[in-house]
Amino acid sequence: MLPRVADSLSFLYLDVVRIHQDDTGVCAEVTSERRGTETLYLPTAALSCVLLGPGTSITARALATFARHGTTVLVTGAGGVRCYAAALPDSLTTTWLERQTRAWADDDQRLAVATAMYEQRFGPGTVPAGATLAQLRGLEGQRVKAHYQLLARQYRIGRFRRAYDPASWNTQDPVNLALSSANTCLYGIVHAAILALGCSPALGYIHSGNQQAFVYDIADLYKAELTIPLAFALHASTNPEAEARRSFRDGLRLFRLLPRIVTDIQRLLDPNATYETPDPDEQLVDLWDPVTGPVQGGTNHGQEP
């Protein structure tokens, strides 16, 4: 597990600010007619990802500082909803990317990883032997629908139907607004963990055809536990998007979500692997050899035949 992933347990959403680097650190400048220009320094080393909303500008020096601290920078829509682009931090190795690619490219291994994801959602030993992906999707749909109905009865809000329509955002009920906002924050955290491990967000096992397919795969492991109950708890909120983001952020340390994400990704991609903590000072790159496997980099091989 990468120490920075486990230690950085928070995220930050910013909009209508200017982010730059000065002699002290990375700061955000907010300008208003009543208060003038205010400066807030950002705890870059403690952030797993920064979500930049509309009206935000950032300098190259500030981006470089985020990258050095392993902080993922995401460009999002208003309220942190929808991710349009990401600035990738420098990963130590491609070990987990190679394992992810091998499992993704082999249909049998891909099916095994997808099945393991469903089993984690359902609980150990609950996946029927020989179940197809179509059957597993059906079981998951029934499980989520029952979960919605249970929470709707618990909070006495009547019948609930999940809806996500950016074109009519302001007409949606508080639960849907809170759920969309909390899910986007969850996607940001998962995206940051995936990139910090050096994996590809695009190579999904259940989802496909999207640059965040693997993000959606991993995020789905936690929605029933984290974002869905949170959204229903905000059914009477007058500002559900902002409250969902704050509540989700405040609960990150309690749930120790990032260490769980890292461990789950490693376990899913290689259940038999031994997880070693990489040396952050070692930046050597191995050389590929089809016969012997990886060959040590940073060595003069001129004397070899």
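A helix or strand here is a run assigned by DSSP, and such runs are numbered from the N terminus. The questions below concern a predicted model.

Q: How many helices and how many strands does the protein have?
A: The protein consists of 305 residues, of which 43% are buried. Its count of helices and strands is 10 helices and eight strands.

Q: Which strands does helix α2 lie across, and at about what angle does it run to β2?
A: Helix α2 covers residues 60-68. It lies across β2, β3 (26-32) and β6, and its angle to β2 is about 75°.

Q: Which strands are the edge strands of the open sheet of four strands?
A: The order of this sheet is β4-β3-β2-β6, with mixed pairing. An edge strand pairs on one side only, which holds for two strands here. They are β4 (36-41) and β6 (57-58).

Q: Which residue in β6 is the bridge partner of I19?
A: Strand β2, residues 18-21, is joined to β6 by two bridges, and the two strands run parallel. In β6, the partner of I19 is I58.

Q: Which residue stands opposite V75 of β7?
A: Strand β7 runs parallel to β5 (residues 47-52), and four bridges join them. Four of the five residues of β7 are buried, so that the strand is mostly covered. The residue opposite V75 is L52.

Q: Which residues are closest to the centre of the second largest pocket?
A: This pocket has a volume of about 690 Å³. Its lining comprises 30 residues. At least two lining residues come from each of β7 (72-76), α4 (107-122), α5 (133-155) and α6 (174-196). Closest to the centre are R162, N183, Y187, Y216 and K223.

Q: Is C27 buried or exposed?
A: A residue counts as buried under 20% relative accessible area. The relative accessibility of C27 is 1%, and therefore C27 is buried.

Q: Is C199 buried or exposed?
A: The cut-off for a buried residue is again under 20%. Because its relative accessibility is 5%, C199 is buried.

Q: How many disulfides does the structure hold?
A: A disulfide requires a pair of cysteine sulfur atoms within 2.5 Å. The number of disulfides that the structure holds is zero.

Q: What percentage of the contacts between residues at least 6 apart in sequence join residues at least 24 apart?
A: A contact requires heavy atoms within 4.5 Å. Among contacts between residues at least 6 apart in sequence, the share that joins residues at least 24 apart is 61%.

Terms used
Residues numbered from 1 in each chain as written. Predicted model: local features only at pLDDT ≥ 70, side-chain atom pairs only at ≥ 80, totals over all residues. Heavy atoms only, no water. Buried < 20%, exposed > 50% of the residue type's maximum accessible area, 1.4 Å probe, protein only. Pairing = 2+ DSSP bridges. Axes fitted to C-alpha atoms, helices over the stretch in contact; angles between N-to-C directions. 1 Å grid on protein atoms, 1.4 Å probe; cavity = no way out; pocket = protein on both sides within 12 Å on 5 of 7 lines; lining within 4 Å. Points joined across faces, edges and corners; volume = space filled by probe spheres on them.
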